[in-house]
Amino acid sequence: MVIKQKSKYSIRKTVLAILLICNINSNAQVVSDSTAADSALLKQIEQQMLSGQSSQPAPSKARSGISSNPDIGVVGDFQGSYISKGKKNVDAYLNETEVSLQAVVDPYIRADFFVSFGRDEVTKKYGVNIEEGYLTTLSLPYKLQLKAGKFKEAVGRINPTHAHALPFIDMPNAYVNYFGDGLNDEGLSLSWLLPNKKFYQEFIAQATSGREESPTFMRSENNRFIYLGHLKNFFTINDNTTLELGITGISGPNDSARVTNMLTGDLTYKWKPVQMNTYKSLTWQSEFYYSNAAYTATESRSSIGLYSFVDYQIAKRWFLTGRYDYAQKPFNKKIIEQAYSLTAGWDATEFSKIEVEAKTTDDNLQSRYYQAWLRWIFVIGAHGAHQY
Amino acid sequence: MIKMNSIKTKNSMKIKLMIPVALLAVSFTVAKAGTIKVVTTTTDLKSITELVGGNKVSVSSIATGFQNPHFVDPKPSYIISLSNADLFVTVGLDLETGWSPQLLSSSRNTKIQKGSAGYVDASEGVGLLQVPSSVNRGEGDIHIYGNPHYWLDPYNGKVIARNIADGLERIDPSNKTFYEDNLQTFFKKINEKMAEWQTRMAPYKGSKIIAYHNEWCYFERRFGLTIVDFMEPKPGIPPSPSQLVKVIKEVAADKIKVIISSPYFSTSSSDVVAKQTGVKELTLATSVNAFNPIKNYFDLFDYDIDQLITTLK
């Protein structure tokens, strides 16, 4: 029995009096019953039982909302920004409007489209971009799943995640140096769920054509593709704690018509108490990148980068994220960026959140500079779950 | 000699014991290998599946009995059991919309996808309450098909059991008689227990209570309670100061004795109301295994009714 008469929180009578005056009648849920009572099926069961013990009134009406239209959702991402260098220090813009269209096509495949109406950081002009558009098979044998189309590639944890779902506003320096706004190409992706009953293991192999403009991998003028392999290992330590360890290898053509090879690793520790998972949680996530780019027949350049962040849920709606970035420039590893950032987030509901981030960056070429952002994410329509 | 004999006797006894144990182990392995593997989203569905499926099924639940079924984290580890399942049972009505569709599509298991023989929506045929006439998220977490907490009416347990039996019979028709017999036993026990529960609750018919979240409407209607208001100003929105003031006034005006909540909600706001008014706080179970004594679907109502009666006395 859990009867409580706790006195953990007390509100002063004066405050109560003020609140009484300000009382707002907000219980405005307008609902009606589908029926004043139970279903036809239940009635049928009752008749079968010949018990006559329950009073089960009329059947329910047919359910509403049936449609063959895809699930449609729109995510708005409004931002304000500040930077301590340059002429224009303060700006405000609708950073992105993402429209998602998702549905099962037939018994064999489903389709997911994410159309992004975004703002170019350099030109400041808005344009349309197919962020992702792919089909996924539903019925391949041997625990296989094939994706075909344009998709976010399976590099670690950040790349497959849509920006609005991340617990910070800017991307880590190392990630931007290697992938720009993301490794996101056209091609094929084959995923295999390994028959391991002790822990979750998935291997993903991808072959893509590359983009015209990208920091590391480029679309080849001949028949060379970008090849990627990712092994994901997910361990359940206990009901409240999990650990994910991933390793990724990428090989593909670069802007010198030669090959760049990358090796990346990701490690994610999550603590979410099952019973109170909406109130408290902690995520510690890190990714490491190594790149080796051949520029001539005899010259190649290697570099490394990493980020590590801790995202702590202070209360039901409040999150705090601290992140450290370390990044060697891929073209010259002697230029090293280091950055520290802190983001505070307030999740009003599952469908809107406000975040504020402050960041300081230092490299060995220019003096330290400071940045700040404000982001307001808002969602209408359907919105599916994000990766755990 | 005596020692030798005793050793021999012990050894022969050991061998004699080992043979049946080994046979039991083999038969157990065979039996387990032949069982229908069922994954349910909640522990209530697991309990009913076990009652209907008996020794023909091995069942696991994704959610525990003490967590909020709206907000289960879609951990990849759940995909392992889903990928090997023969039957998947869901509460439906978008209760699990934030997590189960993603897990299902990642399972690569065609047997349990929506529309397949191994997919059971336990809500099929349930008479729904609070079906909205229009959908506006300004009203909070509104479920477009109606309130999804229907398993908290024991009579709806019968509908759930019928749907689960149908699913089991689709994929294992050779044991139809077995499932039907268990189903009839379940119906009979529900009827017997309902008579007991309603008799016990009769003196408290019309009792006014406050609930934390709008998840008790089926229980409320079946057992004749009256939920006056909720701690949440709108479903899914945490209690606001103005809502607390409103509830404090209602508790005083209606002489409300109890605020009921669930194991996965913070009690900090109802603590405030309790301190101001003297109203009692009661954490009821919304699912099987929410608390230790609740081992099956019948225990769930035994527990909640015991707690309510003790508090409302």
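This is a predicted model: local features need pLDDT of at least 70, side-chain atom pairs count only at pLDDT 80 or more; totals for chains, interfaces and linings use all residues.
Student: What makes up chain A in terms of helices and strands?
Tutor: Chain A has three helices and 17 strands. Buried residues account for 42% of its 388 residues.

Student: How do you know that β7(A) and β8(A) pair?
Tutor: Pairing needs at least two bridges. Seven bridges join β7 (residues 184–193) to β8 (residues 200–208) in chain A, and the strands run antiparallel. So β7(A) and β8(A) count as a pair. They form a hairpin with six residues between them. In this pairing, A:G187 stands opposite A:T208.

Student: What makes β8(A) and β9(A) a pair?
Tutor: The cut-off is again at least two bridges. β8(A) and β9 (residues 226–238) of chain A have nine, in the antiparallel sense. A:E202 has A:K232 in β9(A) as its bridge partner.

Student: Why is the contact between A:K359 and A:D325 called a salt bridge?
Tutor: The nitrogen must lie within 4 Å of the carboxyl oxygen. Here the N to O distance is 3.9 Å, so the contact qualifies. A:K359 lies in β16(A) and A:D325 in β14(A), so the pair ties together parts 34 residues apart in sequence. Both A:K359 and A:D325 are buried.

Student: Why is A:R368 called partly exposed?
Tutor: Buried means under 20% relative accessible area, and exposed means over 50%. A:R368 has 37%, so it falls in between. Its salt-bridge partner A:D362, at 3.7 Å, has 30% and is also partly exposed.

Conventions. Residues are numbered from 1 along each chain as its sequence is written. Chains are lettered from A and ligands numbered from 1 in the order in which they are written. Side-chain values use heavy atoms; hydrogens and water are left out. Helices (H or I, at least four residues) and strands (E, at least two) are DSSP runs, numbered from the N terminus. Buried means under 20% relative accessible area, exposed over 50%, partly exposed in between (1.4 Å probe, protein chains only). A salt bridge is a side-chain nitrogen of Lys or Arg within 4 Å of a carboxyl oxygen of Asp or Glu.
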